[in-house]
Structure formats: structure tokens, C-alpha cells
Amino acid sequence: MKFDIGDMLSTTVLLCLFLAIFFGMIRMIKKMKATIPVPPPPTMQQQVEDLTKRVTSLEHQVNNFANRK
């Protein structure tokens, strides 16, 4: 079995390409882990409760304003 310079060169290039892809993927995975997870969006029930609190607060403000006059 005889190896010439072309075989060694192509093998070296393939090895370097594989290593570059490998370390690139590791880097991407580390970046993904480092990002802050986004909190889940509020559910419909939470939105209803928040709006109910705001409406109640506004009703109190209207009553206080009406009582002043």
C-alpha cells in the first residue's frame, strides 16, 4: 500500500475541517446554554386577573374622585 502526497494532503484537510465543525458546534451549544431563558407568556387566566385588578383600581379611583366633588 503506497501513500502519496495527495492522500496525506486530503486527509489533513478533511481532519482540519472535521475539527473546525466539531469545535464550532461545541461553541454554539455553549452560547445556547449561556442565553437567558425567556419566561413563558402569561396565560389567559393571568391576563384576566391582571385586568380585573386594574379595573378594580380604576373603580376605586373613580369613586374617590366622585366623593371629592
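This is a predicted model: local features need pLDDT of at least 70, side-chain atom pairs count only at pLDDT 80 or more; totals for chains, interfaces and linings use all residues.
In which helix does Ile-26 lie? Ile-26 belongs to helix α1, which runs over residues 5-34, where helices (H or I, at least four residues) and strands (E, at least two) are DSSP runs numbered from the N terminus. Residues are numbered from 1 along each chain as its sequence is written, and side-chain values use heavy atoms, with hydrogens and water left out.

Let me turn to the overall picture. The protein has 2 helices and 0 strands, and its C-alpha trace spans about 105 × 20 × 15 Å along the principal axes. The radius of gyration is 32 Å, whereas a compact globule of 69 residues would have one near 11 Å; the value is taken over C-alpha atoms, and the globule rule is 2.2 Å times the number of residues to the power 0.38. Of the 69 residues, 0% count as buried, with buried meaning under 20% relative accessible area, exposed over 50%, and partly exposed in between (1.4 Å probe, protein chains only).

Now to the aromatic side chains. A search of the whole structure finds 2 aromatic pairs, for which rings of Phe, Tyr and Trp (its six-membered ring) must have centres within 6.5 Å, with planes under 30 degrees apart counted as stacked, over 60 as edge-to-face and the rest as tilted. Phe-18 and Phe-22 form a stacked pair, at 6.3 Å centre to centre and 20 degrees between the planes.

Why are Phe-18 and Phe-22 separated by about one helical turn? The reason is that they are 4 residues apart in helix α1. Phe-18 counts as exposed, at 54% relative accessibility, and Phe-22 is partly exposed, with a relative accessible area of 41%. Phe-22 also pairs with Phe-23, this time edge-to-face, with 5.4 Å centre to centre and 75 degrees between the planes.
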